[in-house]
Amino acid sequence: MGNRTSLKVECGIKDSAFISFFNILEQEQVPSWELDSKLREIAERYRELLRRFQTISSDDPEVQVLKEQARDAIEDGRFAEAEVLLAQARKHDRQAIARIKASIVEQQAALEKRQFSEAASCAEQAQLQRLQYNYGQAAEFWQEAAAVFPEGYQDELIDYIGATGYDFWRIARYTEALGCFEQSLSLARAIHNHEQEAKLLNNISLIYEAQGEHDNSLNCLEQGLAISQRIGDLEGQGAVMSNIGKIYCAKGEYPIARFWLEESLSLRREIGDWEGGGNTLIGIGQIDNAQGNHVMALSCYEEALTISREINAKELESISLSNSH
């Protein structure tokens, strides 16, 4: 018994708490020869718990009061009361967590709306610069739109980065354009957006073609055509076929070029892609012109011009006029 008394004094345990220790051991039916060791075990856990209360506090006054009351109850050995008090403190914290999470969701939604809005403003500035043929500045605004766009919207991000590359391509900044197209292509493949994948391969082919790398350009177009055929994208197929024809035309392989351009024209007429068909007609006219068939070439240019005016396609009209003179 003396050992137990010294243990109580040594650990600074209140009489009421010490009695609770014995009650616990009695409930657990601990054998008499194990009482001393079990008492020491409980005493150490008791002291550890009280030390914990000294190092942990709450910013919530209600929770802090409840925890102080729980500490006092534990110190007195009123463990059941402490359980109730700690449960109440936990409930307060849980309710506060729920409110904070709801607030975070609201703030996140508000943040995304602002990010969408800023990105849209950047895109509008890019379009305004395109209107004025300031493609370098347009590309910079597309880059800013991509940078501020919220995470998790990969399709839109692909569009913005791809638009950046397209404007760089327009001003022959090919290295930057290729980097943008390849970044967009990687994103498109990651989310299995096959339509975008085909379009971006087509855009990459433009870079290679501008640099005179016909084989690399054709390789990209053939990959894009296979994807467009697999997913049933007829408009995409028409565009790629036309571009394949133009590359063969640039290589001077006119029969192959005409085959692809006529295939494209037939498909584009079938699906009602009149502007695309007009561009393909210009390609066919360029083959006729290169082969000395100037009357047939002029007929193609004039048909493209008529289409451009019927559908109010100003860029197609400009190209048609420049080829027909």
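The questions and answers below go through a predicted model of one chain, from its overall form to single residues.

Residues are numbered from 1 along each chain as its sequence is written, and side-chain values use heavy atoms, with hydrogens and water left out. Because the model is predicted, local features need pLDDT of at least 70 and side-chain atom pairs count only at pLDDT 80 or more, while totals for chains, interfaces and linings use all residues.

User: How many helices and how many strands does the chain have?

Analyst: Helices (H or I, at least four residues) and strands (E, at least two) are taken as DSSP runs, numbered from the N terminus. Counted in that way, the chain has zero strands, and its helices number 15.

User: What share of the residues of the chain count as buried?

Analyst: A residue is buried under 20% relative accessible area, exposed over 50% and partly exposed in between, with a 1.4 Å probe and protein chains only. Of the 325 residues of the chain, the share that counts as buried is 38%.

User: How are the rings of Phe-116 and Tyr-153 arranged, and which parts of the chain does the pair tie together?

Analyst: Rings of Phe, Tyr and Trp (its six-membered ring) pair if their centres lie within 6.5 Å, and planes under 30 degrees apart count as stacked, over 60 as edge-to-face and the rest as tilted. A search of the whole structure finds eight aromatic pairs. In this one the centres are 4.9 Å apart and the planes stand at 75°, so Phe-116 and Tyr-153 are edge-to-face. The pair ties together parts that are 37 residues apart in sequence, because Phe-116 lies in helix α5 (residues 79-131) and Tyr-153 in the loop between α6 (135-148) and α7 (154-170).

User: Which residues is Ser-184 in contact with, leaving aside its neighbours within four places in sequence?

Analyst: Ser-184 is found in helix α8 (residues 174-190) and is buried, with a relative accessible area of 0%. Contact means heavy atoms within 4.5 Å. With those neighbours left aside, the contacts of Ser-184 are Ile-158, Ile-161, Gly-162 and Leu-200.

User: Is Ser-320 buried or exposed, and which residues is it in contact with beyond four places in sequence?

Analyst: Ser-320, in helix α15 (residues 314-324), has 0% relative accessibility and counts as buried. Leaving aside neighbours within four places in sequence, Ser-320 is in contact with Ile-282, Tyr-301, Ala-304 and Leu-305.

User: What distance separates the C-alpha atoms of Gln-54 and Gly-212?

Analyst: Gln-54 is found in helix α3 (residues 35-55) and is exposed, with a relative accessible area of 66%. Gln-54 and Gly-212 are 158 residues apart along the chain, and their C-alpha atoms are separated by 75 Å.
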